[in-house]
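My entries follow in the order I made them.

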Amino acid sequence: MLPVEDRDPADRPDERGLGPLGDNACQPRPFFPAPHQPDLDQLTPRQGLMDGPDDRRGEPVPADEDDRLEAVRRRPEPGAVGAGQLRHVGRWRTTRVRDTIRVVRIGISSLAILFLLDAVPSVAQTIAPGDTVATVITAASILEHTLALSDDSLQGRGPGSPGEKIAQRYLIREMESVGLEPGAGSDAWLQPFDLVRLTSSMPDSLRVTGGAGSLGLAYGTDWVAAAGRQAAHTAIEDAEIVFVGYGIVAPEEEWDDYKGADITGKILLFLNNDPAGDRFAGDTRLYYGRWTYKYEIAAEKGATGALVIHTTPSAGYPWQVVQSSFGGTEFELPAPPDEPRIDVRGWLTHEAASRLVELAGQDLDALEAAAQRSDFRPVPLEVTFDLAFTTELDTTPTANVIGRLPGSDPELRDTTVLYTAHYDHLGIGQAVEGDSIYNGARDNALGTATMLVIARALAELPERPSRSILFAAVGAEEQGLLGSEHLALHPPVPACDLVANLNLDGGSIFGRSDDVRQIGRGKSDLDDLLDRFATEQGRTVLPEEFPDRGYFYRSDQFNLAKVGVPALYLHTGVDIRGRSEGWGAAREEEWVETLYHQSSDEVTADWELGGQVEDAQLLFEVGHAVADAESPPAWRPSDEFAGIRAACE
Ligand SMILES: [Zn+2]
């Protein structure tokens with residue numbers, strides 16, 4: 001999950017450190033199973049948590065919506081919750097909830113949680129196609145799964161850890177109880193994949209030589225780098241640097257910075273982001289403007305390495321963020337033998353890049369100006385360097401958990417709607433106030449829980465949807481969206497038959513909102529469906545707050561978009577009903593500062609799930625509509641992903 005604030009190269013900050021800005025790259029977070037960790041049998045199954053009754057549907061909600069709203073507005077003190085409500089919640093849940101509270105040590109009474117379970121409203125009746133949705137998509141049902149998945153016994157769900165295995169077991173059991181069938185292919189729930197950890201040791205100094213002499217660049221101060229290949233040793237000799245401007249190839253924009261130049265074996269020097277002006281969607285960052293794109297296109301072009309020039313405006317964050325979070329330890333899927341790769345991926349400060357191009361008798365400002373134009377051509381700098389480094393490699397097995405609801409229509413059921421939510425989190429890390437378990441309650445037990453509830457609602461509809469629906473709880477998101485990458489590259493059904501992806505990461509915990517925030521608004525006609533159902537809820541869909549930050553490319557749906565699947569990703573609304581203007585945004589900011597990627601991301605008594613219920617209903621409605629629609633959703637014709645989808649025809 002990404003917060004409102006950004007810290008980009010630390011798209012994968014988690015393994016590197018503690019704070020949102022990443023931390024010391026030399027101290028990766030030890031989420032891999034360590035020898036001292038208890039074994040699986042000791043952790044499972046605690047009676048009442050893992051072996052509860054199968055019927056997990058929420059409790060009936062009060063019929064009158066005004067009553068429900070009133071109940072939320074005037075949430076009584078925990079002590080005021082009466083015995084009637086205890087009975088209403090039920091004995092099993094009471095036991096389990098008490099149990100959970102003891103284990104997660106959230107310091108609130110069980111009555112407070114009971115109240116949370118019981119009194120947050122469902123507004124399902126106003127929009128649901130039937131009673132099914134109203135009784136299934138409730139705050140209680142979402143909270144139950146969230147509590148289970150963020151329980152301390154799951155040890156933060158780090159990839160490859162015993163806690164992750166428990167999470168997988170839980171997800172399979174719940175998917176099974178909903179009536180899904182195994183969705184990973186060959187009758188399997190799990191789609192296993194390996195996670196490769198690379199830790200590179202770069203030299204302290206890089207000597208660069210050009211026509212006007214040579215200079216030494218200090219690691220950290222002037223440049224940072226990471227291995228491009230999964231190899232123990234890398235040696236680059238006498239590599240020549242070529243300035244390629246923004247390095248973009250965008251046929252739909254009639255833009256090609258390479259103009260057929262042979263850059264095989266070169267080190268490419270890139271400007272970050274994309275050309276200024278109205279092209280490339282103006283201030284909205286497209287994938288061409290992401291630094292990851294630069295590395296990918298360099299590999300495709302047969303280059304040996306790529307260096308991105310950092311500036312704070314073009315990146316959206318200061319050099320310190322790059323310095324602290326890039327390089328050091330990285331995670332990847334195993335590289336296929338035939339995949340084009342560069343040897344080294346790095347960043348340079350603007351100041352270091354200026355000095356470097358001066359060695360070639362060039363001026364960086366002039367080069368930058370030339371790169372704004374579509375007639376730009378690559379500029380060989382005749383500046384070279386040698387670079388040798390070692391990389392430690394190790395591999396951890398993990399898996400996606402996938403369930404399938406078969407479609408009812410003999411023809412349409414070969415096409416599939418895909419829900420995704422990452423179930424992994426950071427595992428065990430540095431203790432803060434004695435708590436070393438990074439529970440990831442909001443990130444992303446909540447999104448996973450919500451997907452399970454949506455699955456039940458869709459499975460229990462009186463009429464089974466026409467298309468099939470896959471529910472994928474993906475792993476290793478926190479290491480760089482790797483579970484969804486594996487899923488997109490090895491989908492259980494052909495990618496062209498995946499008609500839409502609806503992704504859940506994080507969710508609303510501050511109450512019902514008037515707004516729905518959509519990341520990547522304007523990219524596909526899924527927007528129209530979203531607008532329709534949001535309007536029925538009396539809510540307004542707004543674009544993301546920071547379009548220049550490229551959030552669409554930084555959550556799991558991006559990997560599906562990359563293989564052509566139109567994708568929908570909502571962010572939490574901040575215009576909270578009954579609160580003063582700015583209250584929601586302030587709470588979000590506070591959450592990011594104090595709880596995001598911290599061991600304190602746990603379920604607490606102040607969670608208000610009314611907004612999450614509405615978001616869940618929205619995602620249910622959109623998914624349901626797509627599953628029953630005659631024709632599948634499409635990218636807007638000018639969208640950067642439209643071409644990939646068009647190749648399906
Ligand atoms: Zn996260």
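**Entry: a strand residue.** I began at D238, which lies in strand β6 (residues 233–243). I took helices (H or I, at least four residues) and strands (E, at least two) as DSSP runs, numbered from the N terminus. Phi of D238 is near 55 degrees, a positive value in a residue that is not glycine. Is D238 buried or exposed? I found it exposed, with 9 other C-beta atoms within 10 Å. My cut-offs: buried means 20 or more other C-beta atoms within 10 Å of the residue's own, exposed means 12 or fewer, and partly exposed is in between, with C-beta atoms placed from the backbone.

**Entry: ground rules.** Residues are numbered from 1 along each chain as its sequence is written. The model is predicted, so I kept to the rule that local features need pLDDT of at least 70 and side-chain atom pairs count only at pLDDT 80 or more, while totals for chains, interfaces and linings use all residues.

**Entry: confidence.** I looked up pLDDT, the predictor's confidence in each residue, from 0 to 100. The protein averages 82, and 80% of the residues score at least 70. Over residues 3–128 pLDDT stays under 50. The model still has 245 contacts beyond four places in sequence for residues 3–128. Two residues are in contact if their C-beta atoms, placed from the backbone, lie within 7 Å. Where pLDDT is low, the predicted coordinates should not be read in detail.

**Entry: overall counts.** I noted 20 helices and 21 strands. Of the 649 residues, 54% count as buried. Among contacts with a separation of 6 or more, 82% come from residues 24 or more positions apart.

Entry: F280 is not a glycine either, yet its phi is positive, about 55 degrees. I placed F280 in the loop between β9 (267–271) and α9 (291–300). F280 is buried, with 22 other C-beta atoms within 10 Å.

**Entry: α7 on α14.** The axes of α7 (residues 139–149) and α14 (residues 441–459) come within 8 Å and cross at roughly 130 degrees. That makes α7 oblique to α14. Angles under 35 degrees count as roughly parallel, over 145 as roughly antiparallel, 65 to 115 as roughly perpendicular, and the rest as oblique. Axes are lines fitted to C-alpha atoms, for helices over the stretch in contact, and angles run from 0 to 180 degrees between N-to-C directions. I listed the α7 side as S141, I142, H145, T146 and L149. On α14, the partners include A441, A445, L446 and V453. The residues of this contact divide into eight nonpolar, five polar and no charged.

**Entry: a cis bond.** The peptide bond from D443 to N444 is cis, with omega near 5 degrees. N444 is found in α14.

**Entry: α16 on α19.** The axes of α16 (residues 526–536) and α19 (residues 610–628) come within 9 Å and cross at roughly 130 degrees. I therefore logged α16 and α19 as oblique to each other. L526, L529, L530, F533 and A534 in α16 meet L618, E621, V622, A625 and V626 in α19.

**Entry: V474.** V474 is found in strand β17 (residues 468–474). It counts as buried, with 30 C-beta neighbours inside 10 Å. Which residues does V474 touch, not counting those up to four places away in sequence? I found N400, T420, H422, G483, S484, L487 and D556. The C-alpha atoms of V474 and L487 are separated by 8.0 Å.

How values were computed: Ala, Val, Leu, Ile, Met, Phe, Trp, Tyr, Cys and Pro count as nonpolar, Asp, Glu, Lys and Arg as charged, and the others, Gly among them, as polar.
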